Amino acid sequence: MANTLHIEVVSSDAHIFSGEAEFVVLPGESSQLGIFPRHTPLLTKIRPGEVRIRIPGQEKEEVIFVAGGMLEVQPFEVTVMADSAVRSSDADEA
């Protein structure tokens, strides 16, 4: 567990993602944030954009689009509480 962190992405109407990750990148209030294991605790707003999650053993990142919300970071746990969210694989081109 020392090289991963647990990620939870939830919205008001769905539980979008739960699992282990090597890192996560998301749109912070003033800039992009990169969160790795052992990150300093943090609580901040997030802007609309994409959350990119690097899952161990997978070449492609999991991408989730969020419409803003809050981010809580603990040394080995990240929680994204999105206003609304959808996985890129579930979004249509429209």
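How many helices and how many strands does the secondary structure of the protein comprise? The predicted model contains 0 helices and 8 strands. Read from the N terminus, its elements follow the order β-β-β-β-β-β-β-β. The radius of gyration is 12 Å, close to the 12 Å that the globule rule gives for 94 residues, so the protein is as compact as a globular protein of that length.

**Overall dimensions and surface**

- The C-alpha trace spans about 40 × 30 × 25 Å along the principal axes of the protein.
- The accessible surface amounts to about 5,400 Å², and carbon and sulfur atoms account for 51% of it.
- Of the 94 residues in the protein, 38% are buried.

- The protein carries 7 positive and 15 negative charges.
- The mean position of the positive charges and that of the negative charges are 6 Å apart.

**Nonpolar core**

- The largest nonpolar core consists of 21 residues.
- Within this core, the residues with the most contacts are Ile7, Val9, Val24, Ile53, Ile64 and Val78.
- At least two core residues come from each of the strands β1 (5–11), β2 (15–21), β3 (23–27), β5 (42–54), β6 (62–74) and β7 (77–82).
- The strand that gives the most to the core is β6, with 4 residues.
- Val78, one of the core residues with the most contacts, has a set of contacts beyond four places in sequence that comprises Leu5, His6, Ile7, Glu8, Val24, Ile35, Leu71, Glu72 and Val73.
- Two of these partners of Val78, namely Ile7 and Val24, are themselves listed among the core residues with the most contacts.

**Leu43, a residue of strand β5**

- Leu43 is located in strand β5, a strand that covers residues 42–54 and supplies at least two residues of the core.
- The relative accessibility of Leu43 is 60%; because exposed means over 50%, Leu43 is classed as exposed.
- Leaving aside residues up to four places away in sequence, Leu43 touches Met70, Leu71 and Glu72.
- Leu43 and Gln74 are separated by 31 residues in sequence, and their C-alpha atoms are 9.1 Å apart in space.

Note on methods
Residues are numbered from 1 along each chain as its sequence is written. This is a predicted model: local features need pLDDT of at least 70, side-chain atom pairs count only at pLDDT 80 or more; totals for chains, interfaces and linings use all residues. Side-chain values use heavy atoms; hydrogens and water are left out. A nonpolar core is a set of buried Ala, Val, Leu, Ile, Met, Phe, Trp, Tyr and Cys residues joined through side-chain atoms within 4.5 Å. Buried means under 20% relative accessible area, exposed over 50%, partly exposed in between (1.4 Å probe, protein chains only). Contact means heavy atoms within 4.5 Å. The radius of gyration is taken over C-alpha atoms; the globule rule is 2.2 Å times the number of residues to the power 0.38. Accessible areas come from the Shrake-Rupley method with a 1.4 Å probe; for residues, only the protein chains shown count as cover. Lys and Arg count as positive and Asp and Glu as negative; His and the chain ends are not counted. The place of a charge is taken as NZ of Lys, CZ of Arg, CG of Asp or CD of Glu.
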